[in-house]
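Hi there,

Here is the structure I promised to send over. Have a look at it first, and my notes follow below.

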Amino acid sequence: MVFPPLGHHRHRRLSRFLISIVSFDLSTLSGYRRRPIPTGTVQLLHQQDDEENPYNLMREDPIQVCSDLWVRSFSLSHLHPSFPNLTGFLKKFDLWILAYQRSCAHLTGSFPPKNAIHVSELRSLLALSRSAVTGNHRWGAATHLILRSPNDPPSTRRISKRKFLALLESSPPPFQDHVLQELLLLVLEPIFESRFSPKSHAFRPGRSPHTVIRTIRSNFAGYLWFIKCDLTDIADDFTPELIISSLEKGIGDRRVLSLIKSALRTPVKAISSGEDKVLDKLTKRRIKRKILRKSRKKKLLNENEPKPDPYWLRTFFSFAPEEADWVPRYGHCGILSPLLANICLTDLDNWMEDRISKYFRPSKLDSIWKESMNDGCHNPAWPEFVPSSGPEKTRRMDYVRYGSYILVGIRGPREDAVELRKDLIEFCETKFGLRLENSKVEIEHITRGIQFLDHVITRRVIYPTLHYTATGGTVVSRKGVGTLLSVTASLNQCISQFRRLELVKGDKDPEPLPCTPMLYSGQAHTNSQMNKLLETMADWYKYADNRKKIVGLCAYVIRSSIAKLYAARYRLKSRAKVYKIASRDLSRPLRESTRNQSPEYADLLRMGLVDSIDGVQFSHMSMIPSCDYTPFPRNWVPEHEGVIHEYIKLQDPKFFFELRKSIKNQQLSVPQDDISKLVWKFKVCGTFGRKTHGNHVRLGNS
C-alpha cells in the first residue's frame, strides 16, 4: 500500500499520533486507558521543536547575562576563586547571537538587529554551539563550514581542483571561528579583568596609551633611573602549556580549556606568497611603478564587499608607536590572543608590585613620600614638582606596562637599577622559559630622555622661592631646588612617520610631498579628510608639553602636501598661487569657470548643488589647543570599574548597616528621612488644613 505524500503539518500530526499509540499499555486496551508519555520522550519532542524553531531558545537578555558575570567576578576577586563551570554560558543561545552580531559588526561594519537574522543562520549558529559544547569543533576548517559569513555569496559554479586548493591556501580564517572567539572573549574577559594589575594598560577596556602617559606624568616625578624593557620576543613565543597553566588559575572548566587548547595546538595555515626571486634593479623599479599605478587607480567595490577605512583613519593608524603596534597572535585564538597575553604577563605584574612594596624606604627628611606608597603631596596645581635638596632621599620605585613593553622608574642609586635588571632577566627565564637579551633591557638616566609611546620623558631643574613661617611668626623666603617632569612628543619620530607615509622627504629640513592618495577626491572631501586627521593627531598629543609645536608641525606638513596636490591638479605651478586663490586655510574653491553663463560658486552653494569647503584647521598657532594638565588621581580606576564597585557596595547589607551607624554617631540625617517628613507634613496639612491640624495637636496634648 502506497501512501500519498504528506505535508509538514500532516507529518507532525502522524508522528504525534504514532507516539500516542506507542504510549498505550496493551494490557489496558479494553478500558481505553492511556498512560502519560515518558519524561524522556517529552524532552526529545521539546528538543526537536527547538531544533525546528531556534526562537524558542531566546529566553534571556545577553547584556544582562554579561553584566551579572562582571559583577560576580569583581565581587569575588578578593577571594581569587576558580570558576569551575563555564559550560552553562556556552549553552546560552542568546550569548551566541550577541557574539554573531559583534562578529558581523567587525566584518561588515553594521550591527544586525536580532529580529533581522535569518532562520537558517540561527540554525547554523545553534549547530555551531552544539559542536563547541560537545568538543567536536575544528578550528580553521575552511572545507567543513557550519556557519558562513554574511558576505560569502553562494557558489553555484564548479571550479577545478587546482583553483580550489589555491582558494583554500589564500582564504582567511573561517567566520565561525571568529564567532566562537567572540563568545569566549565575552565569558573570559570579566573573569580575568578583575584579577589584572592596575599597572597594565594595553588591551583592556577603559585603558589606553593616554592613561599610561597621564600615569607617568602624575606618579613618575622624582625618579632618576629608568629601566625600559621589551618583552616582545618572549610574548610571541608563549607555549600552549604556559597559556593553559595560566588559564587554570582562573577557570576550571575542562571544556573551555580544551577548546582553547585545541585552538592553540592546531597548526595555522601559512598563506603562500610565492617563491622569492632575485630581481634586478630595473625589474624592481617596474614592479614598484606598477603597484603605484594600481594604488592610484580607482577601485570599484563588489556588491557585498565592505567599504575600506577612510584615508584619514588609515593614515592615523600608520602613526601607531612601536609599543602600540604589537598585537599577539596565538594559533587560532584570533581576537582572544591579547587577553591571553595579559593573563600570562599577570605574574610579572604581581612580581613587580611585590618588589615595589619591598623597595620602598621612606625618609623623615623627605617632604614628598613619608609613610606609604600612596602618601604624598599631590598638588593639582603643581603635581610634577619634587624637591631635590636635602641629605637623605626616599627610595621609591614605580612600574607601568603597555602590552609587551614595561617602564620602571627608580628613585635611588644606579646599583639598585642594575640589581633589578638582573632579577628581571632571571624571573623571565624561570617563569617563561626564555632568556631576555641584554639589548632588550636598557638602563637610562632621566637627563638623557626616555622615549615611550612616542613621548620623551625628561626633567627640568628649577629654583623656586619657598615661603614658610618660622618660629616667632616670621616669614622666611628661601631659594629651593626642584625638578619638573617633562613629557614631550618626539618631533623626530613624527617626521619619520611622515617620511614613511611619503608625505615628506629629507631629515633635518623635511620638504612636504603631494598627497597622491587623494588625487581623485574633490577639494571639499580632501579638506574634510585632512581635518579629521588633524583633529585626531591633536587629540593623540593631548598630554604632551609641546602640543602646540607638534600639532603645528603636523598641520604645516598636511596643509603643504594638499597645496602641492592642488597645484598639480589645477596646474598652478606652485603652492604660493594655490594659497593666493584658496587662502591660507584652502577654504576657497580653486576651480571656477570664467564663462558668464555659468553660475558662481556662491550661487551653487546657496542652491545646494555643491559641497561647502571647510578650511584646513590649525592654520595659525593660536588655534591649536594647549596641553591638558588635568591632574590624574593616584588610585584611578576606569569608569566602568568604579560603577561595578559602587553597585557591589549597594548590594551588601553590611555597607548600609555601617553607613546607618556612622550617621547616628555623627547625629546626621539621611536625605530619605527629610523627604519623608516633608511628604508627611504635606499630606497632613493638605488634608486638615493648618488650623485644623493645630487643633488636633492641642487635643492630643491635652
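This is a predicted model: local features need pLDDT of at least 70, side-chain atom pairs count only at pLDDT 80 or more; totals for chains, interfaces and linings use all residues.

On the overall build, the protein has 27 helices and twelve strands. Of its 702 residues, 39% count as buried.

Now for the inside. The largest nonpolar core has 85 residues, and Phe238, Ile260 and Leu340 touch the most other members. Helix H8 (residues 175-193) gives the most to this core, with eleven residues. Ile260 has contacts beyond its sequence neighbours that include Leu184, Leu188, Cys333 and Leu340. There is also a second, separate core of 38 residues, with Trp312 and Met518 among them.

The whole structure holds 14 aromatic pairs. In one of them, Phe220 and Tyr223 have ring centres 5.5 Å apart and planes at 90°, so they meet edge-to-face. Both Phe220 and Tyr223 are buried. Trp351 and Phe427 are stacked, because their planes are at 10° with the ring centres 4.8 Å apart. Trp351 belongs to helix H17 (residues 346-359) and Phe427 to helix H18 (residues 414-432), so this pair ties together parts 76 residues apart in sequence. Phe238, Tyr330, Trp351, Phe427 and Phe432 form one aromatic cluster.

Finally, a charge over a ring: the charged end of Arg414 sits over the ring of Trp225, 5.6 Å from its centre.

Best wishes

Definitions and conventions:
Residues are numbered from 1 along each chain as its sequence is written. Side-chain values use heavy atoms; hydrogens and water are left out. Helices (H or I, at least four residues) and strands (E, at least two) are DSSP runs, numbered from the N terminus. Buried means under 20% relative accessible area, exposed over 50%, partly exposed in between (1.4 Å probe, protein chains only). A nonpolar core is a set of buried Ala, Val, Leu, Ile, Met, Phe, Trp, Tyr and Cys residues joined through side-chain atoms within 4.5 Å. Contact means heavy atoms within 4.5 Å. Rings of Phe, Tyr and Trp (its six-membered ring) pair if their centres lie within 6.5 Å; planes under 30 degrees apart count as stacked, over 60 as edge-to-face and the rest as tilted. A charge sits over a ring if NZ of Lys or CZ of Arg is within 6 Å of the ring centre and within 35 degrees of the ring normal. Lists of a residue's contacts leave out its neighbours within four places in sequence.
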